[in-house]
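Visitor: Please show me how to read a few features of a structure, one at a time.

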Amino acid sequence: MAQQVRGVVAPGRGEPVRIETIIVPDPGPGEAVVKVQACGVCHTDLHYREGGINDEFPFLLGHEAAGVVESVGEGVTEVEPGDFVILNWRAVCGQCRACLRGRPWYCFNTHNAAQKMTLEDGTELSPALGIGAFADKTLVAAGQCTKVDPAAKAEVAGLLGCGVMAGLGAAINTGNVGRGDSVAVIGCGGVGAAAVLGARLAGAARIIAIDLDERKLATSTSLGATNTVHAKDTDVVEAVQELTGGFGADVVIDAVGRPETYKQAFYARDLAGTVVLVGVPTPEMKLELPLLDVFGRGGSLKSSWYGDCLPSRDFPMLIDLYLQGRLDLDAFVSETIELDGVEAAFDKMHHGDVLRSVVVL
């Protein structure tokens, strides 16, 4: 039978979120109901509230989550009731051209639950990134559930569902950071700080954290940055070159996603170096670069989608590293809050007061 649970809903563009009663149907074929234990407050949720993703209001917010599978529908073999899982928004299809070429992390046909969760009056909800985890329970496609070691704390594990994975993956998967490399990270919020951590995990020799906020630079240092650059009063490109023998960094990760920061990243890399764009631009942004510079500097210009992660491969491995004490994911949890604290968490995020607020249910 369908269940009534609490959930955080964004009713309209720019309107404050509110807690509503949500109807969660029984799982159908290929679906699972997950009892949510924790969900991070991600900037993407704020984009949804502001109408920056689309206008399919009302939204059931929350997507960076972990919990326990409560029930599964017909044909589900990936998980079973009782499994501790991280929710992901890349349910790999296995049949599209990317999957068939052996590149499932680019899957072009990811999918969500076929059924809709609703309000009490029957109004259909649009779950954020097909998840909607600011709720006691949520309905997802079974492929969106990745089983991991239940010894991990839910408030930490869930962060791999989006922002932390995006940053780690930008360094490890997309940037292919290797032992002895030099890496610069522009923008050291949650995603950028995770990119710093990823570069350290990959064995980078020099990791340069760049931001306007001294607090974020301090956090980046604790996560492995060897040098920091305060971008307000410093020429970022010159600073990176000075710290890399005059050459520039092997890999520069733009975790901001603005034309000015991308240009900094482009010119702060070494010849034949790599630029990774993981910060998400807005639709109106334009980039202009001399084509001769694009040709003459060589190397790679890459975009990182979800850290180019494959959840079934990456989530269990990263949780194991966390449990071994080799990956400091606890550093990203600035505070734990209840469902009614999401709106206030958006304000703290806007002012740069937290890496992550995490709703614990």
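Visitor: How many bridges join strand 15 to strand 16?

Guide: Some conventions come before the count. The model is predicted, so local features need pLDDT of at least 70 and side-chain atom pairs count only at pLDDT 80 or more, while totals for chains, interfaces and linings use all residues. Residues are numbered from 1 along each chain as its sequence is written, and side-chain values use heavy atoms, with hydrogens and water left out. Helices (H or I, at least four residues) and strands (E, at least two) are DSSP runs, numbered from the N terminus. Strands of a sheet pair through backbone hydrogen bonds, either parallel or antiparallel. Here, 4 bridges join strand 15 (residues 269-277) to strand 16, and the two run parallel. Leu277 has Ser303 of strand 16 as its bridge partner.

Visitor: In what order do the strands of the sheet lie?

Guide: Two strands pair if DSSP finds at least two bridges between them. The order is 13-12-11-14-15-16, an open sheet of 6 strands with parallel pairing. Strand 13 (227-230) and strand 16 (300-303) are at the edges with a single partner strand each, so one side of each has no neighbour in the sheet.

Visitor: Which residues of helix 10 are buried?

Guide: An α-helix has 3.6 residues a turn, so residues three or four places apart point the same way. Buried means under 20% relative accessible area, exposed over 50%, and partly exposed in between (1.4 Å probe, protein chains only). In helix 10, the buried residues are Pro311, Asp314, Phe315, Leu318, Ile319, Leu321 and Tyr322. Seen down the helix axis, they fall within an arc of 160 degrees (taken from the directions from the axis to the C-beta atoms), so they line one face of helix 10. After helix 10 comes Gly325, with a positive phi near 80 degrees.

Visitor: How many aromatic pairs does a search of the whole structure find?

Guide: Rings of Phe, Tyr and Trp (its six-membered ring) pair if their centres lie within 6.5 Å; planes under 30 degrees apart count as stacked, over 60 as edge-to-face and the rest as tilted. The search finds 6 pairs. One of them, Trp89 with Tyr306, is stacked, at 4.0 Å centre to centre and 5 degrees between the planes. The two residues are 217 residues apart. Trp89 is partly exposed at 24% relative accessible area, whereas Tyr306 is buried at 3%.

Visitor: What kind of aromatic pair do Tyr106 and Trp305 form?

Guide: Tyr106 and Trp305 are edge-to-face, with 6.2 Å centre to centre and 75 degrees between the planes.
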